Amino acid sequence: MCGIVGYIGSNQAAPFLIEGLTKLEYRGYDSAGIAVLNDQIICVEKTVGRLAALEEKIEGKTPEGCIGIGHTRWATHGRPSDTNSHPHTDCHGDFAVVHNGIIENYMELKEDLISKGHVFKSETDTEVLPHLLEELYNGDFEASVREVLKRVEGSYAIVFMSKKDPDKLICTKQDNPLVIGLGDGENFVASDIPAIISRTRRTYIVNDGELAVVKKDSVWITNSLGEPVTKKVFEVNWNAEAAEKGGYEHFMLKEIHEQPKAVRDTLSSRINKDNSAVVLEELGWTEEYVNSFSKVFIVACGTAYHAGLVGKYYIERMARVPVEVDIASEFRYRQPIIDDNTLTIVVSQSGETIDTLAALKEAKRLGSKTLAVTNVVGSSIAREADQVIYTWAGPEIAVASTKAYTTQLIVMFLLGAYMAGLRGTVAPRRMKELLTMLRNIPAQISETLEDVEPIKVFAKKYGFNNDVFFIGRALDYEVALEGSLKLKEISYIHAEAYAAGELKHGTLALITQGVPVVALATQKSVYDKTLSNIKEVKARDAVVIGIAATGDTELEKYADHVIFVPRTDELLIPLLAVLPLQLLSYYTAITRGADVDKPRNLAKSVTVE
Ligand code: F6R
């Protein structure tokens, strides 16, 4: 995820900028840069690669000046490259900007600015910001920044620096973190607390829509209407390790709670304004091209494979194209029937999983068209596939995948709806209904994550059982598979997911008194059937923890406990139903004293067959 730092004071800015960015390295990045203002010149130094490469580049010629901004970039719009790295400047080098997040309407802004003569150097969405500021500058830095913000849609944390106002930095945020560190005769700006805690523990946490004018001996904060905001100083008492985790005990928990933002980012700019169609500019498919697919394969490993299973539902139900889902390590050796009318979609958070990469190469060799769904720009899988759709989840650090899974579901849904739009297989009214509900998912994820207390209680109560079963039908079954994998990998409990209707064909023999069964019953179309299967396990004295949509009054009659998730369409509810399962596995691992972020025998990126 991108990192931001800024400095203004009486000392040299560059040493702090590099030091602060180093403290944000753990978040992952692919390029780095700084801009320092001195004597009416903004000096920008940036490079693709590690911070060490930037340090090497500036060795012996470190830009001098007491005001500056810095950035580590995790590519979203535009590959990792020197030019795409931040900071970005306008045509005349009067303004420099660093930005985290996504400017959703950057294409239209860019076209307009180009028509007015602005020359862009990068492929990024961010570069519209300095050009827009140059275009709108009216002699008043702060007022001009406000004019820029009026025209920008999306999520962001931004720091602006101006040659014409060398005594201030201006920063603002929307849906991305931003903090101001208060020093003595100097002040700091950062996207995250670890960047500044070696310098100060006194901070202002900036809220959405607020704008801060940061000078070396003052910080002036206003709301979106320009009215002054009185801030309380937040004294950071976390140690460096806790600060990296944003105050959460583990990266996994932090990443679970990052899902509203990760999902919002992944959706951003991919649904049109009136929610009537999906926009996937990166694909640019035509009706003829989509109609040429006789079959789609989705190939992946682990959690990404589980996302693929949900993807099958989405593509088949909406676009009416047959889909087969394969485990990558099996696909490669089973001589799949592929021709040039086949589309193979590979799903991989890291983009480096060797089984998935090998399957992708095999599909290509056999003549398939290929599409990668990945979280890492420029990864091996992204480079190898014909086309790529990125999940914009930001780096996932915990071994157990959480926000990568939900953002993969989002991309699979968008893809299904996109294909359906081109094939005309979903009625316009239904499409609008689905996309309107999809837009509401980030808020519903936040709502679901608000109340974790009951889940903590279940984790304590059942955390020492040796076996747990997860059951469900249709999409509930695919989510059950992911829930059981999560529990296995971090708590080391034997967990099995079963299609609820399949249990009676053998596995029911294992359901005895007190065995916990997590039963998902969110799928309206198979609800009664699922309920019958729940009654079957209850009749064997299992302890049933049900997952249902709010308003369900039936399940409570048969389950010992019910966790409710907000109501939405049954196609979208996996995005919510998986959340209690992620939390349940997390708190169970805590109950058992397991090392949540680094479970035994596992690696984050599996680069061996
Ligand atoms: C489980 C998990 C793994 C990965 C799998 C594929 O929590 O993280 O099952 O999903 O190793 O990894 P990627 O998606 O990087 O290809």
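These legends go with close-up views of a helix pair, one of its helices and a sheet.

The model is predicted, so to speak of local features takes pLDDT of at least 70 and side-chain atom pairs count only at pLDDT 80 or more, while totals for chains, interfaces and linings use all residues. Residues are numbered from 1 along each chain as its sequence is written, and side-chain values use heavy atoms, with hydrogens and water left out.

**View A. Helix α8 packs against helix α14.** Here α8 (residues 259-267) meets α14 (residues 403-423) at an angle of about 30°, and their axes are 9 Å apart. That makes the two roughly parallel (angles under 35 degrees count as such). The crossing is right-handed. On the α8 side, the contact (heavy atoms within 4.5 Å) uses Gln-259, Ala-262, Val-263, Thr-266 and Leu-267. From α14 come Lys-403, Thr-406, Thr-407, Ile-410, Val-411 and Leu-414.

**View B. Helix α8 is mostly covered.** Eight of its nine residues are buried, meaning under 20% relative accessible area with a 1.4 Å probe, protein chains only. Among them are Pro-260, Lys-261 and Asp-265. After α8 comes Ser-269, with a positive phi near 65°.

**View C. Six strands make an open sheet.** Read across, the order is β5-β6-β7-β8-β12-β13, and the pairing is antiparallel; two strands pair if DSSP finds at least two bridges between them. At the edges sit β5 (88-89) and β13 (219-222), each pairing on one side only.

**View D. Strand β8 pairs with strand β12.** β8 (residues 165-174) and β12 (residues 211-214) share four bridges in the antiparallel sense. Look for Leu-169, whose bridge partner in β12 is Val-214.

Methods:
Axes are lines fitted to C-alpha atoms, for helices over the stretch in contact, and angles run from 0 to 180 degrees between N-to-C directions. Angles under 35 degrees count as roughly parallel, over 145 as roughly antiparallel, 65 to 115 as roughly perpendicular and the rest as oblique. A crossing is left-handed if the near helix is turned anticlockwise from the far one by less than a right angle, and right-handed if clockwise. Buried means under 20% relative accessible area, exposed over 50%, partly exposed in between (1.4 Å probe, protein chains only).
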